[in-house]
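Let's take a walk through this structure together, one piece at a time. Keep the picture in view as you read.

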Amino acid sequence: MDRYLRLLRLFVRTELQFALEYRVNLALEIMQMVVVAGTSLAAVLILFAYTEVMNGWTLGQMVVLLGVYYIVQGVEELVMQPSFQKFMEHVRDGTLDFILLKPVSSQFMVSFRHFQTVQTLQVLLGLVITGLGLAQLAATVTLTSAGAFAFTLACGLVLIYALLLVLSTLAFWFVRVDNILAIFWAFIDAGRFPIDIYPGWLRITMSTVIPVGIAVTVPAKAIAGLVDLQTVGLIFLATAVAWMVSRAFWKRGLRAYTGASA
Amino acid sequence: MTDAVIDVRGLTKVYRVHERQEGLGAAVRSIFNRKFREVPAVTDATFRIEAGEVVGFLGPNGAGKTTTLKMLSGLLYPTSGGARVVGHVPWRRDADFLRAITLLMGNRTQLVWDIAAADSLRVLQEIYRIPEDRYRATLGELTDLLELEPLLHKPVRDLSLGERMKVEFAAGLIHSPRVAFLDEPTLGLDVSMQSRIRRFVAEHNRRAGTTVILTSHYMDDVVALCKRVIVIHHGRLLYDGQLGELAQRMAPYKVITVALRDGAASAFLDELGTVTSRDEASVTLHVPRESAPERTARIVRDLEGSLADISVEDPPIEEVIDRVFAGERMPEALAAT
């Protein structure tokens with residue numbers, strides 16, 4: 001465990017060095033991120049200048065939701081997206097062999113090898129926006145709701161990770177799965193609004209097939225004290241199952257790749 | 001009998017390939033009713049390799065060299081047969097096994113493109129848990145042998161192909177593996193870089209005692225490095241023995257190519273060897289290996305001013321292997337090991 005943490009630190013450090021080499025690019029990315037987050041925050045504020053409540057969501061809750069969205073997307077773009085993208089390149093180019101020959105978990109190497117360190121900023125922005133929303137909701141935040149928030153957020157991230165792992169693992173059989181992932185990114189994008197505002201079928205898709213709804217909406221609801229213990233339990237269960245299924249699927253893919261199952 | 005570092009028995013790999021038919025209709029049908037064809041890649045390979053040996057795997061493209069290497073390094077499960085490498089079953093990929101081997105591929109890189117090799121090496125140090133002092137010692141030695149100093153701190157993408165290969169070697173050997181699988185390590189390199197890499201492999205083998213299995217279709221690589229060769233063709237082991245014997249027995253001749261100035265008489269060349277091609281400007285002939293120097297001297301003497309150029313070469317590896325494959329299997333050579 002200790003060793004894996006040391007490796008993670010090393011991965012982040014090398015990628016950070018790389019990011020710092022291209023300062024102009026870095027500055028532009030940072031600017032873009034601030035502008036995008038700023039405008040979407042402004043959009044929510046403008047919307048709530050005309051109404052107090054949107055589909056049951058108050059201003060404070062909506063801002064928290066936006067903040068959580070940036071946290072989730074930030075984490076996803078910080079490590080999952082670059083790593084899995086690279087993994088698919090490895091499968092295409094045949095360089096995955098080098099990873100399989102390392103005396104560390106291949107799943108770890110594939111999932112956490114590459115970082116877009118600049119995305120840390122998006123996570124920070126998300127935290128700040130969440131903080132702003134919480135200030136609005138100050139009265140309703142309790143220790144329990146804060147705990148539920150942190151817990152469901154962690155579950156949501158694991159759910160997204162599990163789904164991404166499954167989708168990426170398909171590359172063992174189909175090699176080119178970039179398009180499947182493109183659909184996934186689009187759904188992630190849709191997560192910036194509460195899933196309650198979407199029509200039924202889409203809501204169900206977004207909370208089951210693509211768990212972004214759960215990852216973003218549930219924590220935002222939890223902090224407002226709107227999630228009961230039963231839901232938290234269910235989400236934990238779903239996360240545990242998703243984690244195990246994705247791991248099994250990954251191992252299955254690896255076996256197919258090495259010809260063990262033929 | 002000492003314990004072999006690599007012990008391979010009846011190793012066989014059959015790929016199941018999805019049979020594709022032409023046409024859209026066939027493609028649709030194949031979704032429901034897939035036809036598979038079995039393609040044998042390696043058939044019943046058996047050999048042993050002792051510690052510190054440098055063995056060349058020879059064979060044309062698609063002969064099964066890479067499939068064999070991939071099974072021995074644990075990347076592929078065999079269809080049948082067994083193998084032990086440093087005492088482990090490779091395809092279980094135990095951590096101890098993985099720490100004892102390395103695989104280098106001439107056409108693929110394990111280095112991260114955008115960062116300096118030094119950073120990639122640090123990551124490898126952590127992955128293989130190499131203690132700092134040993135890491136420094138090994139890196140120092142590799143830096144010496146490969147003249148890496150100016151290369152380590154540049155992003156890998158800024159390196160030339162040859163420079164990249166040198167760094168690739170450093171990355172592959174930083175954990176001091178006992179067995180090194182080198183798959184076409186000189187592919188695409190210019191002649192001088194090829195010979196640098198060869199010198200390095202020989203020197204590293206001498207110093208560290210690393211067992212090396214090398215595949216290449218450059219005969220020069222094999223000649224420079226391997227005393228022993230294993231010839232594979234269509235997945236079958238055709239020859240396993242001394243390199244010198246392979247060249248002598250399988251291709252007991254040398255190829256002399258004579259370039260002629262305008263209108264030089266070349267009829268006398270027919271008496272010196274078997275002429276295999278001839279046009280106005282050049283003649284190619286095969287002469288018995290042992291008389292090659294003497295005949296070459298005679299050609300130079302007889303042609304004098306009419307001689308534009310002359311070269312004496314071993315027959316191309318493909319030709320040697322073709323001869324091996326053309327039924328000239330040598331049981332005594334196979335049995336010799």
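This is a predicted model: local features need pLDDT of at least 70, side-chain atom pairs count only at pLDDT 80 or more; totals for chains, interfaces and linings use all residues.

Residues are numbered from 1 along each chain as its sequence is written, and chains are lettered from A and ligands numbered from 1 in the order in which they are written.

Back to that pair. H2 covers residues 23–50 of chain A, and its axis comes within 10 Å of the axis of H3(A), with a crossing of roughly 160 degrees. Axes here are lines fitted to C-alpha atoms, for helices over the stretch in contact, and angles run from 0 to 180 degrees between N-to-C directions. H2(A) and H3(A) are therefore roughly antiparallel; that label is for angles over 145 degrees, while under 35 is roughly parallel, 65 to 115 roughly perpendicular and the rest oblique. On the H2(A) side the contact uses A:Ala37, A:Ser40, A:Leu41, A:Val44 and A:Phe48, and on the H3(A) side A:Leu59, A:Met62, A:Val63, A:Leu66 and A:Tyr70. Contact means that the C-beta atoms of two residues, placed from the backbone, lie within 7 Å. Nine of these residues are nonpolar, one is polar and none is charged. (Nonpolar covers Ala, Val, Leu, Ile, Met, Phe, Trp, Tyr, Cys and Pro; charged covers Asp, Glu, Lys and Arg; the others, Gly among them, are polar.)

Now follow H3(A), residues 59–93, over to H7(A), residues 143–169: their axes come within 11 Å and cross at roughly 25 degrees. H3(A) and H7(A) are therefore roughly parallel, and their crossing is right-handed. Among the H3(A) residues that take part are A:Phe84 and A:Phe87, and H7(A) brings residues including A:Leu157 and A:Tyr161. This contact counts twelve nonpolar residues, two polar and one charged.

H7(A) has another partner, H11(A), which spans residues 212–223; the two axes come within 8 Å and cross at roughly 175 degrees. That makes H7(A) and H11(A) roughly antiparallel. A:Phe149 and A:Thr152 are among the residues that H7(A) puts into this contact, and A:Val216 and A:Pro219 are among those from H11(A). The tally is 15 nonpolar, three polar and no charged residues.

What does chain A look like as a whole? Its secondary structure comes to twelve helices and two strands, read as DSSP runs numbered from the N terminus (helices are H or I with at least four residues, strands E with at least two). The radius of gyration of chain A is 19 Å, close to the 18 Å that the globule rule gives for 262 residues, so chain A is as compact as a globular protein of that length. That radius is taken over C-alpha atoms, and the rule is 2.2 Å times the number of residues to the power 0.38. The C-alpha trace of chain A spans about 60 × 45 × 35 Å along its principal axes.

Finally, look at where chain A touches chain B: 20 residues of chain A and 22 of chain B take part. H1(A) gives the largest share of chain A's side, six residues.

Terms used: A crossing is left-handed if the near helix is turned anticlockwise from the far one by less than a right angle, and right-handed if clockwise.
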